[in-house]
Amino acid sequence: MNDIYMDNNATTMVDPAVVDEMLPFFTEQFGNPSSLHSFGNKVGFALKKARKTVQTLLGAEHDSEIIFTSCGTEADSTAILSALRAQPERKEIITTEVEHPAILNLCENLETQGYTVHYLKVDEKGRLDLNAYQKLLTDQVAIASIMWANNETGTIFPVEKMAEMAQEEGIMFHTDAVQAVGKLPINLQDSAIHMLSLSGHKLHAPKGIGVLYLKRGTRFRPLLRGGHQERGRRAGTENAAAIVGLGKAAQLAMDNMAHENSYVKNLRDKLQEGILKTVPNCFVTGDPENRLPNTVNIAFEYIEGEAILLLMNKHGIAASSGSACTSGSLEPSHVMKAMGIPYTAAHGTVRFSLSRYNTEEEVNRVIEAVPPIVAKLRKLSPYWDAEANAPMEEPEKSFAPVYA
Amino acid sequence: MWDYSEKVKEHFYDPKNAGAVADANATGDVGSLSCGDALRLTLKVDPETDIILDAGFQTFGCGSAIASSSALTEMIKGLHVDEALKISNQDIADYLDGLPPEKMHCSVMGREALQAAVANYRGEELEDDHEEGALVCKCFAIDEVMVRDTVRANNLSSVEEVTNYTKAGGGCSSCHEAIENILTEEMAARGETFVAPPIAASKKKKVVKLKPEEPKPEPAAAPAPAAAKPSGKLTTVQRIKIIENALAEIRPTLQRDHGDVELLDVDGKNIYVKLIGACVGCQLATATVGGIQQKLMEALGEFVKVTPVTEEQLTNLVGV
Ligand code: FES
């Protein structure tokens with residue numbers, strides 16, 4: 001029996017067609033795209049083609065708006081730091097409490113350098129309050145950076161609308177769309193979004209390639225200065241094979257998106273129903289109405305996520321957990337905290353993120369495997385009444401740690 | 001995913017003594033919901049002999065928390081409660097063939113649950129001496145509150161000092177930025193500016209640098225440590241006396257682990273000691289030396305550096 005991979009928001013398998021497309025760029029087509037000879041020319045041409053495809057995937061107006069970077073994190077950092085350097089008189093940033101660490105840790109660091117960062121809160125379903133956002137839009141703000149879709153819950157934010165609101169106040173708008181690109185239709189030319197980050201390995205391209213979309217006319221200050229690659233906006237010899245791979249992956253994403261939105265979504269819904277029906281005391285986190293088609297994040301109360309993952313792994317099932325213990329920190333996931341999920345549940349969240357490679361048979365196997373795993377761990381839990389097979393009544397009272 | 005030993009996996013997949021002991025006469029609850037780990041240890045102790053007849057655990061926690069709890073119950077069954085209390089969290093980790101550094105707190109929890117259970121059995125109150133904060137140093141499980149308090153209480157001004165006082169930063173050094181940030185804030189609060197030390201020329205040199213050197217002048221910004229400082233300047237003989245006394249206090253702890261320590265030489269701020277028995281080559285030798293160093297600093301009320309050497313190394317050092 002094959003192992004089951006349901007951790008596609010972490011990373012995806014490189015599509016075999018993408019690998020095929022890349023291979024010649026390690027051997028015959030190894031030229032430096034900046035060189036004038038034919039070796040370089042061929043590669044330069046391939047990059048151009050890939051850039052065009054990414055442009056189409058994002059619905060960008062010009063192919064020159066696509067800047068290849070080394071990863072999503074680099075794209076995020078470039079966007080925010082550029083906005084600050086390009087508008088030195090503006091010292092504020094708007095973002096959300098549930099961003100990826102690529103944004104949050106950068107913002108935290110910028111706070112120590114004298115910038116003010118406004119973190120928008122989310123409600124219990126992970127949704128933003130646009131009124132609160134509106135109030136923050138002033139001429140002090142250099143950039144608003146709001147993720148398109150949350151990596152843990154899949155919750156989608158109304159970034160197009162938010163970009164328009166920012167535009168009215170003359171504020172640059174960036175979106176970390178790492179989880180959205182390839183899963184949701186995107187059309188940047190009609191939007192007020194100035195910058196967007198994407199990461200290749202989330203859409204079946206290899207790791208080590210990302211993109212910063214930069215709307216034409218946006219003031220820009222490069223992060224990496226040096227050679228004239230990417231029109232001087234991102235120096236460093238291009239990762240040609242990976243870029244070509246990303247081009248192919250972008251093509252495949254466009255071809256598959258409609259199908260995926262129904263096929264993957266059906267599988268996801270089946271998985272969700274199957275688990276919720278058979279496992280007591282669990283619930284879906286995030287906004288079920290407005291969510292990536294491939295993601296479901298389930299909180300299993302009174303047990304801890306890492307323990308669940310280890311047992312699932314033994315059954316050949318790979319998923320992921322926002323639990324503290326998988327990261328070595330003691331805090332539960334910042335996303336769960338921001339939504340106000342109680343600790344007894346926040347530590348036991350498991351994220352299943354599917355892709356076009358998952359099958360119905362796999363979903364059935366997961367639905368079968370999960371209930372006994374949860375039951376086994378709950379038997380060990382001091383918050384669970386094994387005899388009644390239910391949570392202890394008032395567990396906080398009967399279980400009284402010396403320190404809490 | 002963590003690199004767990006086979007032993008950890010064994011105890012996780014097939015935990016021993018899971019569940020509450022039926023007729024327990026001792027219960028120890030520890031943990032913190034926010035940290036996602038909680039442990040209840042139940043014991044059945046023979047009231048005549050104080051021997052632990054049975055032990056059971058319930059854990060809300062990760063793989064290593066479950067494995068640590070399972071290991072602990074196996075280790076203490078059949079022991080006298082006094083014997084059981086001697087089990088350290090390191091013993092639990094050793095029993096499991098080691099835990100990842102980030103997971104050492106799981107073994108600490110096991111030890112604390114045991115203390116709580118024994119206190120409960122004896123009808124004693126156990127005080128909560130826990131401070132909670134974000135984990136700064138994962139290698140030594142030191143949290144922010146601990147670092148901050150130590151920096152404040154001792155007017156520390158360098159990462160090196162923080163390491164000497166708390167051990168934080170003494171391992172992989174990936175937490176140095178976080179420590180520097182705390183120093184920056186704390187020093188700002190007392191009206192000083194944190195200045196990073198110049199980059200050391202080469203790490204390798206440091207190891208060879210056993211030669212006694214001129215004591216480094218105290219950085220002007222750093223006031224003398226606030227620890228109980230004997231008034232006036234100490235003579236060398238006085239200092240040696242204080243050091244000997246402090247070592248005598250630590251000795252029983254080391255001897256319990258079949259080790260010992262001996263003072264070889266004092267040269268300004270450099271104190272050379274010899275580790276004996278089980279302390280030699282012990283994985284925890286750095287921690288032990290750190291502990292000794294801290295103890296000596298407290299006793300002397302000054303900053304000193306403790307270096308473990310052999311007699312041979314010492315003659316080379318001092319003789320040349
Ligand atoms: S985290 Fe390794 S030394 Fe602090």
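Reply: Let's begin in helix 12 of chain A, which holds both A:Glu361 and A:Arg365, 4 residues apart, or about one turn of the helix. These two form a salt bridge in this predicted model, with their closest N and O atoms 3.9 Å apart. Now look at how open each partner is. A:Glu361 has a relative accessible area of 45%, so it is partly exposed. A:Arg365 is at 17%, and because buried means under 20%, this residue counts as buried.

Next, turn to a pair that reaches across the chain. A:Arg356 and A:Asp15 meet through their side chains in a salt bridge of 3.2 Å, N to O. A:Arg356 sits in the loop between strand 13 (349–353) and helix 12 (360–380) of chain A, while A:Asp15 is in the loop between strand 1 (4–5) and helix 1 (16–22), so the pair links distant parts of the chain, 341 residues apart. Both A:Arg356 and A:Asp15 are buried.

Chain B has its own example: the side chains of B:Lys295 and B:Glu249 meet in a salt bridge at 3.0 Å, N to O. B:Lys295 belongs to helix 11 (residues 285–300) and B:Glu249 to helix 10 (residues 236–256) of chain B, so this pair ties together parts that are 46 residues apart in sequence. B:Lys295 is partly exposed, with 29% relative accessible area, whereas B:Glu249 reaches 55% and counts as exposed.

Salt bridges can also join up. In chain B, a network of them links B:Glu144, B:Arg148, B:Arg152, B:Glu185 and B:Glu186. Over all chains, the count comes to 27 salt bridges.

Definitions and conventions:
Residues numbered from 1 in each chain as written. Chains lettered and ligands numbered in written order. Predicted model: local features only at pLDDT ≥ 70, side-chain atom pairs only at ≥ 80, totals over all residues. Heavy atoms only, no water. Salt bridge = Lys/Arg side-chain N within 4 Å of Asp/Glu carboxyl O. Helix = DSSP H or I, 4+ residues; strand = E, 2+ residues; numbered from the N terminus. Buried < 20%, exposed > 50% of the residue type's maximum accessible area, 1.4 Å probe, protein only.
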